[in-house]
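Reader: I would like to learn how to read salt bridges in a model. Please start with a single pair and go on from there.

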Amino acid sequence: MPRIDADLKLDFKDVLLRPKRSSLKSRSEKHRNHWRSFLGSHQHPEGLFQVDLERTFTFRNSKQTYSGIPIIVANMDTVGTFEMAVVMSQHAMFTAVHKHYSLDDWKRFAENHPECLQHIAVSSGSGQNDLEKMSRILEAVPQVKFICLDVANGYSEHFVEFVKLVRSKFPEHTIMAGNVVTGEMVEELILSGADIIKVGVGPGSVCTTRTKTGVGYPQLSAVIECADSAHGLKGHIISDGGCTCPGDVAKAFGAGADFVMLGGMFSGHTECAGEVIERNGQKLKLFYGMSSDTAMKKHAGGVAEYRASEGKTVEVPYKGDVENTILDILGGLRSTCTYVGAAKLKELSRRATFIRVTQQHNTVFC
């Protein structure tokens, strides 16, 4: 018999973070001892110290330790590019590089940008060809220690077995795996060898899974529930999809996400793949889901008969260099921390109280 789970499930649009009293002077104040050790006597231009957005994680299965700002560019071929990785690494941010670069592409990038390799992951599907190609890349570029195993449906038994296989072949690499939205599957993937679970089914801006299949889960509730399951096993999660603005990124971290993965927010930039299109005096760039007709025609010769396209293709305004978007996201995140009294990003989930709302913002001049 069909079953209805009547518990309330919420999305980012359904809540706001409640501000709290704080001793922080501004978004530019940071834990002083940390920055004295890091920067010596150099202070922020305003004479204050920035909110600390850097996190340090030690992963359950790989035992690897990673430090950086835990925002990840999605492994979509429009945004998960080497060009994006160069800029992101300058901010100690992460890029899940898409799986369609060749081995020679990887070798050239590693030779020209060795400083970026600690902040990127090799992406792979769950097929035999995917595994062989990923293995060749990791053998050729051993400095890369992150693997992103990405499938549309992380609930298949085949995917669980694939995670186990990759763990056995690469015992010291940190494995990201997904996507799922429920605690029991988070636990199974962690126990199968994954370190970081990608959480999100259908929330992406160019994902049509929910309309094509009726399957999904409101992202805020998915993150809260999956983070609880992962952290109980000393695992970690990525909130993947659903963020439309810096405030949503902050809500994802407040809900317990260790990392936040962004696609649409990083689309349309100089560092994204594809040419700038000029139409009616406006500059545009293509952005599409990896299960879209566009992606499957480009990489697989078309949509297989047994499945439907679960992504769409859009033209987004050309936004220039991604640097400005990065600074906007990080600035918003620091402001969130000061509003709730968190001196570090690490403290945000402990300081977060969400309130349900019926309206996010005033739309008079939108």
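**Reading the salt bridges**

Author: Lysine 13 and aspartate 14 join their side chains in a salt bridge, 3.1 Å from N to O. The term means a side-chain nitrogen of Lys or Arg within 4 Å of a carboxyl oxygen of Asp or Glu. This is a predicted model, in which local features need pLDDT of at least 70, side-chain atom pairs count only at pLDDT 80 or more, and totals for chains, interfaces and linings use all residues. Residues are numbered from 1 along each chain as its sequence is written, and side-chain values use heavy atoms, with hydrogens and water left out.

Reader: Why does lysine 13 count as exposed?

Author: Exposed means over 50% relative accessible area, buried under 20%, partly exposed in between (1.4 Å probe, protein chains only). Lysine 13 counts as exposed because its relative accessibility is 57%. Aspartate 14, at 18%, is buried.

Reader: Which residue forms a salt bridge with aspartate 105?

Author: In general, side chains of opposite charge can pair when their charged atoms come close. Here the partner is arginine 108, with the closest N and O atoms 2.6 Å apart. Both lie in helix α3, 3 residues apart, about one turn of the helix. Helices are DSSP runs (H or I, at least four residues), as are strands (E, at least two), numbered from the N terminus.

Reader: Where do arginine 167 and aspartate 195 lie?

Author: Their side chains meet in a salt bridge at 2.7 Å, N to O. The pair links distant parts of the chain, with arginine 167 in helix α5 and aspartate 195 in the loop between α6 and β9, 28 residues apart. Arginine 167 and aspartate 195 are both buried.
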